[in-house]
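Biologist: I would like to learn how to read a few features of a model. Please give the general idea first, then the case at hand.

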Protein chains: 2
Amino acid sequence: MSALHEVRLRRTPEGRPREDDFVCVPAEPLAADAGAAALAQGQTLVKVHALSLDPYLRSAMAGRHLSGAIQPGEVVRGEGWVEVLASGDARVAVGTHWVAACGWRNVAWLDAATWAAARPIDQNIQPRTWALGVLGMPGLTAWAGFTRLAQARAGDTLVVSAAAGPVGATVGQLARLAGCRVVGIAGGPEKARWLREVAGFDAVIDHRAGGPPELRVALKAACPQGIDVYFDNVGGDVLQAACEQLAVGARVVLCGLIAQYSGAAPSGPNPALFIRARATVRGLVVYDHWDALPQMQAEVGAHLRAGRLHTREDLAHGLAQAPAAFCRLMRGDNQGKALVLL
Amino acid sequence: MSALHEVRLRRTPEGRPREDDFVCVPAEPLAADAGAAALAQGQTLVKVHALSLDPYLRSAMAGRHLSGAIQPGEVVRGEGWVEVLASGDARVAVGTHWVAACGWRNVAWLDAATWAAARPIDQNIQPRTWALGVLGMPGLTAWAGFTRLAQARAGDTLVVSAAAGPVGATVGQLARLAGCRVVGIAGGPEKARWLREVAGFDAVIDHRAGGPPELRVALKAACPQGIDVYFDNVGGDVLQAACEQLAVGARVVLCGLIAQYSGAAPSGPNPALFIRARATVRGLVVYDHWDALPQMQAEVGAHLRAGRLHTREDLAHGLAQAPAAFCRLMRGDNQGKALVLL
């Protein structure tokens with residue numbers, strides 16, 4: 001795709017999103033003089049190298065996310081790894097690489113407000129796609145949740161759901177490095193294999209192998225002393241089942257609600273479970289923790305370089321594939337951090 | 001009632017308990033030589049001056065409480081203010097007053113294990129019934145939840161449910177003394193009046209004045225900046241409504257589930273509410289906090305003597321009235337700490 005294109009939301013998805021909820025359309029290039037005018041007004045032209053596909057976008061499409069709604073007819077929001085082609089903004093040099101809210105486009109004009117929330121990609125980050133995953137927002141989510149909220153101690157049994165995703169896999173490996181016993185919940189045998197063989201999880205439960213009753217049995221078997229830390233990325237039945245197994249003094253980090261993003265039950269676990277366990281339950285919003293990005297990148301980056309921590313990317317190719325890749329993500333069929341390379 | 005009597009559970013209540021779920025029956029007095037044998041075996045004879053009626057007993061009757069189940073046919077468990085008439089236990093002097101698990105009896109033989117969990121009533125506590133309420137387990141529940149879990153700060157808006165009960169009223173008044181703005185949720189105009197005029201609450205919402213929608217509107221009006229601390233004694237719809245109004249950084253103490261003790265919904269609030277508020281939610285079990293009983297009694301006792309904190313007792317008279325008084329408590333028709341004087 002050499003010409004300018006963009007992906008728009010055609011309609012608000014019902015339940016799990018479908019490819020035809022989106023449409024990829026040509027975007028009109030700016031004429032040379034209009035481009036000059038845009039630069040004069042402080043805008044910046046970027047090439048998008050990769051788009052980050054993140055579950056929270058589904059929530060935004062339903063109008064239920066902190067970051068605001070994505071309405072039908074709009075270009076799908078979302079961050080990407082961009083390179084500056086032409087700059088009308090003194091803060092942004094041509095040739096530099098950033099993580100920025102470029103939307104689902106292959107080339108984008110970004111205004112000054114976009115750069116206030118953009119982050120330059122440190123030159124130590126290689127491949128640069130890691131700035132969208134294990135060394136970006138998902139990595140920071142994992143690091144902040146684990147380091148600042150979970151208060152895990154060596155010897156704790158930590159359970160994490162959506163364990164093969166970039167947040168879950170990082171949480172589990174940070175926990176392993178901190179001396180915890182780590183149990184992952186993930187969907188399908190390939191994720192389970194990777195988590196056990198590569199990421200070094202002590203046990204993995206395949207939630208697709210049965211329904212909630214089987215999940216309960218498997219959790220009980222994997223955590224005979226109960227769950228000391230539960231890091232939840234999904235909500236719904238999995239959250240309920242995990243809360244039934246909390247040990248006294250348990251900590252629960254509520255991080256994501258994939259199971260609820262496409263509709264489904266608005267209720268949560270019986271509070272009696274939290275009382276019985278004297279649990280501490282904390283809600284995590286990664287936007288509160290940007291201050292820790294350099295520290296996270298230094299720590300997690302060192303683990304990655306030393307081979308103590310591993311990450312996995314699920315790559316689609318070409319902007320036109322973004323809708324299909326996003327639908328795969330929302331079905332949980334991705335293996336690792338979902339990206340679209342352009 | 002001069003002879004020995006006891007109240008037994010006739011059947012496990014369904015929904016709200018009814019008076020005929022209980023039966024008050026004569027108890028056979030021990031013959032003199034059997035009494036002597038009991039004393040020789042380390043047992044102790046006590047006169048019960050007052051019984052404490054507590055909502056957790058309903059949960060125990062349903063077999064769902066940490067303290068164990070109360071089965072049909074058994075004497076109803078529960079604590080009371082007792083005076084020692086005859087002692088076979090070196091730790092327990094005749095004539096001393098205690099809070100002990102005497103059960104619903106007017107005279108009781110207590111074994112050695114009972115005394116391990118019993119607490120002498122400090123001579124500074126007057127009236128001694130306060131050792132069952134504001135200076136006893138309910139007071140400790142309030143003090144520990146407020147002091148150790150809620151992390152309230154001056155200027156916070158604190159909301160407490162079951163606000164006219166001995167836990168709720170104490171939480172609210174401790175919060176007022178700590179500089180919080182205090183909003184109570186209670187049932188009926190008389191409780192609201194007492195909380196406003198005597199306990200000094202800033203606002204009181206009568207949850208009987210409407211259904212969940214009216215409660216939402218009233219909470220929003222009473223807490224225009226949101227709820228900083230929510231102390232929950234009831235669960236159910238009230239917990240849900242309060243969690244919808246949490247301010248960013250809110251703390252929630254889960255203390256009791258009166259709305260669930262008689263059956264009803266086992267689910268809790270949507271975890272998205274906790275994430276959005278970056279809330280910290282903590283389950284409270286008073287048994288973890290007995291170490292603080294002397295400190296609580298000193299602090300709350302000083303407030304009571306200085307007239308800075310008030311308490312209210314709802315007194316029934318005679319063991320035969322215990323079932324009716326307990327049913328009143330479970331309907332929320334009591335005004336203050338529910339007790340039966342014998």
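Modeller: Start with a salt bridge, which is a side-chain nitrogen of Lys or Arg within 4 Å of a carboxyl oxygen of Asp or Glu. Here A:Asp288 pairs with B:Arg278 in this way, and their closest N and O atoms are 2.8 Å apart. This is a predicted model, in which local features need pLDDT of at least 70, side-chain atom pairs count only at pLDDT 80 or more, and totals for chains, interfaces and linings use all residues; side-chain values use heavy atoms, with hydrogens and water left out. Residues are numbered from 1 along each chain as its sequence is written, while chains are lettered from A and ligands numbered from 1 in the order in which they are written.

Biologist: How many salt bridges are there between chain A and chain B?

Modeller: The count is two.

Biologist: How many residues does each chain bring to the contact?

Modeller: Contact means heavy atoms within 4.5 Å. Chain A gives 26 residues and chain B gives 26 residues. Buried area is the accessible area (1.4 Å probe) that two parts lose on being put together, summed over both. For these two chains that comes to about 2,100 Å², with 61% of it on carbon and sulfur atoms. On the side of chain A, A:Pro271, A:Ile275 and A:Arg278 supply 28% of the area that this chain buries against chain B, more than any other three residues.

Biologist: Is A:Cys327 buried or exposed?

Modeller: Buried means under 20% relative accessible area, exposed over 50%, and partly exposed in between (1.4 Å probe, protein chains only). A:Cys327 has a relative accessible area of 4%, so it is buried. B:Cys180 is in no disulfide either, as the nearest cysteine sulfur, that of B:Cys223, is 12 Å away.

Biologist: What about the backbone?

Modeller: Most residues other than glycine have a negative phi, and most peptide bonds are trans. The bond from A:Gln126 to A:Pro127 is cis, with omega near -5°. From B:Gln126 to B:Pro127 the bond is also cis, with omega near 0°. B:Gln151 is not a glycine, yet has a positive phi of about 50°.

Terms used:
Disulfide = S-S within 2.5 Å.
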